[in-house]
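Visitor: I'd like to learn how to read strand pairing and a ligand shell. Could you walk me through them?

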Amino acid sequence: MEKITLPGIKNLIIVASGKGGVGKSTVAAGLALRLAMEGFKTGIMDGDIYGPSIPTLFNMGNQTPDYHQEEGKTRIVPFEKFGIKVMSIGFLVEPEKAILWRGPLASNGLKQILTDTAWGELDYLIVDTPPGTGDIHLTLLQQFTAKGVIMVTTPQAVAIADVQKAIAMFQDPHVGVPVMGVVENMAWFSPSAHPDEKYLLFGQGGGAKMAAQFNIPLLAQIPMSETMCETCDTGKLERLFEHPGVKAAFDQLVDGILNPRMLFKGSVKAANGKSFLLK
Ligand SMILES: Nc1ncnc2c1ncn2[C@@H]1O[C@H](COP(=O)(O)OP(=O)(O)OP(=O)(O)O)[C@@H](O)[C@H]1O
């Protein structure tokens, strides 16, 4: 099947997780914000049809976008906040209605919003997806040209097991989109008043072990902090990087996306998914 390349969009990155509630939307929003701070033209598309959280994270609930005509076609005008173009399925469909969408209706809905939004020229479009590996992921991966998928997990064994299943699907030759790496969120608790302290609430090493298993980079380990939860739930995204540990983790994530990363001794994996040996 011929893949759709969204005109004007240089890199489409999909953020996925095996399990719900691991912080996928927070990672997608933080990544978009960090890329925009780096000077990249950035957009975020909330494709989490069954629980769109981007409007909350960006403090933009209950807004309805405008439409305009472009070359004879009706286009949805994305919102803009923190220099990021923002679109969410939550701006267009009432959550109670979206939850009833199944299979092709859900995938076609997302496909239409992605293609009908007037994104303009973007260096990066970050797409937040529902948890798991459903029709929406298959549509995105099989029908759109994407740079790759970032997998978000928490360190616990139950979360890791679900992510393993998801990575196996993304790496299937019929899907064929590179998994750019793993982000371990809530890797440890680090109180805002004592950001140097680390409390390993959910164990240690889960993300690293999984990255090694699939030979993909561990892009970042994001600490859990009480202010991060409040920042996100009250839409104060601009304060996300006040915690030095959180800032360092997002710096590392962006670095891992922009530059090839060391994987194991002697081998390097580029963000395009190709591995090569270091001489
Ligand atoms: N590192 C963190 N520290 C503290 N709280 C966090 C962290 N990451 C995420 N959270 C909080 O956890 C909750 C779930 O995060 P989020 O909505 O990003 O998860 P999700 O995986 O996208 O969920 P869903 O399955 O609903 O799509 C939110 O309240 C968020 O603020």
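Visitor: Which strand is joined to S2 by five bridges, running parallel?

Guide: Two strands pair if DSSP finds at least two bridges between them. Here, five bridges join S2 to strand S6 (residues 84-88), and the two run parallel. Asp 46 stands opposite Ser 88 in S6. Strand S7 (residues 122-128) is also parallel to S2, with five bridges, and Tyr 124 in S7 is the bridge partner of Thr 42. Strands (E, at least two residues) and helices (H or I, at least four) are DSSP runs, numbered from the N terminus.

This is a predicted model: local features need pLDDT of at least 70, side-chain atom pairs count only at pLDDT 80 or more, and totals for chains, interfaces and linings use all residues. Residues are numbered from 1 along each chain as its sequence is written.

Visitor: Are the faces of S2 covered or open?

Guide: In a regular strand the side chains alternate between the two faces of the sheet. In S2 both faces are covered: Thr 42, Ile 44 and Asp 46 are buried on one side, Gly 43 and Met 45 on the other. Buried means 20 or more other C-beta atoms within 10 Å of a residue's own, with C-beta atoms placed from the backbone.

Visitor: Which residues come nearest to the ligand?

Guide: A residue is near a molecule if its C-beta atom, placed from the backbone, lies within 6 Å of it. Of the 21 residues around the ligand, Gly 20, Gly 23, Ser 25, Thr 26 and Cys 232 come nearest. Elements giving two or more residues to this shell include helix H1 (24-37) and helix H8 (226-233). The largest share, four residues, comes from H8.

How values were computed
A residue is buried if 20 or more other C-beta atoms lie within 10 Å of its own, exposed if 12 or fewer, and partly exposed in between; C-beta atoms are placed from the backbone.
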